[in-house]
Amino acid sequence: MIKLENHIGNIVVTENYLKQLVEHTVRNCFGVAGICPATPFDALLSRICPGYCENGIILHTDKNGCLVIDLHIAVAFGTNINTIAKSVAHKVKFAVSQSVRSSDCRVSIFIDDIKS
């Protein structure tokens, strides 16, 4: 459970809901080829165990109560990486702010792979 504070009061949202929201938003962005595992251990397990599916979305709150989203993504070859990262960050911030009515959100994009 993630607890967020806005001008109306406190909002409690499940981590699973936010991860699904972010995943849906990221997968619909132009130039994104997929979501990569967040850690090398998760990458190894996903190759060994085909059913293991841990995505590269890490959610947590900082000491000020701001929601922090870390995204590990793969981009398509030949696309502008800087533009894709800015676009994904903007769309994720917008989707989260519309969903939980909190404008206090920080998104970090990690480009882990380039797919052809």
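Mentor: Start with the largest nonpolar core, which has 26 residues; Val26, Ile69, Leu71, Val88, Val92 and Val96 touch the most other members. Helix H3 (81-100) is among the elements that each supply at least two residues, and H3 gives the most, seven. This is a predicted model, where local features need pLDDT of at least 70 and side-chain atom pairs count only at pLDDT 80 or more, while totals for chains, interfaces and linings use all residues. Residues are numbered from 1 along each chain as its sequence is written, and side-chain values use heavy atoms, with hydrogens and water left out.

Trainee: Why is Cys66 called buried?

Mentor: Buried means under 20% relative accessible area, exposed over 50%, partly exposed in between (1.4 Å probe, protein chains only). Cys66 has 8%, so Cys66 is buried.

Trainee: What makes His72 buried?

Mentor: Its relative accessible area is 11%, which is under 20%, so His72 counts as buried.

Trainee: Which side chain makes a polar contact with the side chain of His72?

Mentor: That of Asp112, at 2.9 Å. A polar contact is a pair of N or O atoms within 3.5 Å; within protein, one must be able to donate a hydrogen and the other to accept it, and residues adjacent in sequence count only if both atoms are side-chain atoms.

Note on methods:
A nonpolar core is a set of buried Ala, Val, Leu, Ile, Met, Phe, Trp, Tyr and Cys residues joined through side-chain atoms within 4.5 Å. Helices (H or I, at least four residues) and strands (E, at least two) are DSSP runs, numbered from the N terminus.
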